[in-house]
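Open the model in your viewer and keep the sequence panel beside it. Each stop below names something to select and then says what is there.

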Amino acid sequence: MALKIPPPIFMLVALIIMYGCHYLLPWWQFNTVWIIAIPLIIIAVVSGFLSVLALTKADTTISPLIPQQTARLVTRGIYQYSRNPMYVSLLLLLIAAVFIYGELSTILGIVFFIVVINHYQIKPEEKVLLTLFGEEYTQYCRQVRRWF
């Protein structure tokens with residue numbers, strides 16, 4: 001993988017973009033909606049934890065920067081619902097941030113995150129996993145969606 005930036009850094013950049021949008025591009029402001037933000041944060045934390053737990057139990061790398069060191073293809077637990085639950089957990093935190101900021105333009109940070117993670121992280125990871133696991137990975141991709 002050419003780009004060696006941890007995905008949480010992209011999430012932080014997205015949050016900075018969202019902060020800027022909140023103040024510089026006020027499209028449609030609304031009150032903070034904690035009743036939506038808090039459950040999203042809880043789901044994000046739980047799904048992130050379950051992702052790490054599944055990889056740890058399988059005794060494989062949890063680092064998104066070194067997918068070539070993946071020892072096993074994990075298809076159980078939370079990975080039976082999403083091929084990228086760690087990235088989904090980061091995305092859920094960003095969605096929660098939209099409801100905390102109370103500004104529709106902050107969605108631009110989410111768009112940035114999805115585009116960057118898909119292009120610079122997920123697609124290169126998928127190439128490595130296809131090389132490592134071949135038909136088993138192809139079958140997994142047919143059964144389980146990338147994000148949700």
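Select Y23, which lies in helix 1. Is Y23 buried or exposed? Its relative accessibility is 53%, and the cut-off for exposed is over 50%, so Y23 counts as exposed. Bear in mind throughout that this is a predicted model.

Ring pairs link Y19, Y23 and Y101 into a cluster.

**The nonpolar patch**

Now widen the selection to Y19, Y23, L24, L25, W27, W28, L104, I107, L108, V111 and V115. Together they form a nonpolar patch on the surface, with about 1100 Å² of accessible area. Which elements give two or more residues to the patch? They are helix 1 (7-24) and helix 4 (107-143). Helix 4 has the largest share, with four residues.

The whole structure holds six aromatic pairs. In the pair of W28 and F30, the ring centres are 5.6 Å apart and the planes meet at 45°, so the pair is tilted. W28 has a relative accessible area of 53% and is exposed. F30, at 23%, is partly exposed.

Next, go to the interior. In soluble globular proteins, nonpolar side chains tend to be buried together. Select M18, L94, I110, F113, I117 and W147. These are the residues with the most contacts inside the largest nonpolar core, which has 22 residues. Four elements each supply at least two residues of this core: helix 1, helix 2 (34-57), helix 3 (85-101) and helix 4. Which helix gives the largest share? Helix 3 does, with nine residues.

To see a second, separate core, select L55, A58, I78 and V144. They are among its 12 residues.

Return to W147 and show what surrounds it. Leaving aside neighbours within four places in sequence, W147 is in contact with S82, N84, Y87, V88, L91, F113, I114, I117, N118 and I122.

One of those contacts is the next stop: select N118. This residue lies in helix 4. N118 has a relative accessible area of 17%, and the cut-off for buried is under 20%, so N118 is buried. Not counting residues up to four places away in sequence, N118 touches K123, R146 and W147.

**The salt bridges**

Side chains of opposite charge can pair when their charged atoms come close. How many salt bridges are counted here? The count comes to three.

Select R83 and E126. Their side chains meet in a salt bridge, at 2.7 Å from N to O. R83 is in the loop between helix 2 and helix 3, while E126 is in helix 4, so the pair ties together parts that are 43 residues apart in sequence. Both ends can be checked for accessibility: R83, at 15%, counts as buried, and E126, at 14%, counts as buried too.

R146 is partly exposed, with a relative accessible area of 26%. Show R83, E126 and R146 at once: salt bridges that share partners join them into one network.

For the remaining bridge, select R142 and E135. Their closest N and O atoms are 3.4 Å apart. Both R142 and E135 are exposed.

**The last stop**

Finish in helix 2 by selecting S47, which lies there. S47 counts as buried, at 9% relative accessibility. S47 and M86 are 39 residues apart in sequence and 7.1 Å apart in space, C-alpha to C-alpha. What is S47 in contact with, leaving aside its neighbours within four places in sequence? The contacts are I78, P85, S89 and L92.

Key:
Residues are numbered from 1 along each chain as its sequence is written. This is a predicted model: local features need pLDDT of at least 70, side-chain atom pairs count only at pLDDT 80 or more; totals for chains, interfaces and linings use all residues. Side-chain values use heavy atoms; hydrogens and water are left out. Patches are made of residues with over 30% relative accessible area and no salt bridge: like charges are joined within 9 Å, nonpolar side chains (Val, Leu, Ile, Met, Phe, Trp, Tyr) within 5 Å. Accessible areas come from the Shrake-Rupley method with a 1.4 Å probe; for residues, only the protein chains shown count as cover. A salt bridge is a side-chain nitrogen of Lys or Arg within 4 Å of a carboxyl oxygen of Asp or Glu. Buried means under 20% relative accessible area, exposed over 50%, partly exposed in between (1.4 Å probe, protein chains only). A nonpolar core is a set of buried Ala, Val, Leu, Ile, Met, Phe, Trp, Tyr and Cys residues joined through side-chain atoms within 4.5 Å. Contact means heavy atoms within 4.5 Å. Rings of Phe, Tyr and Trp (its six-membered ring) pair if their centres lie within 6.5 Å; planes under 30 degrees apart count as stacked, over 60 as edge-to-face and the rest as tilted.
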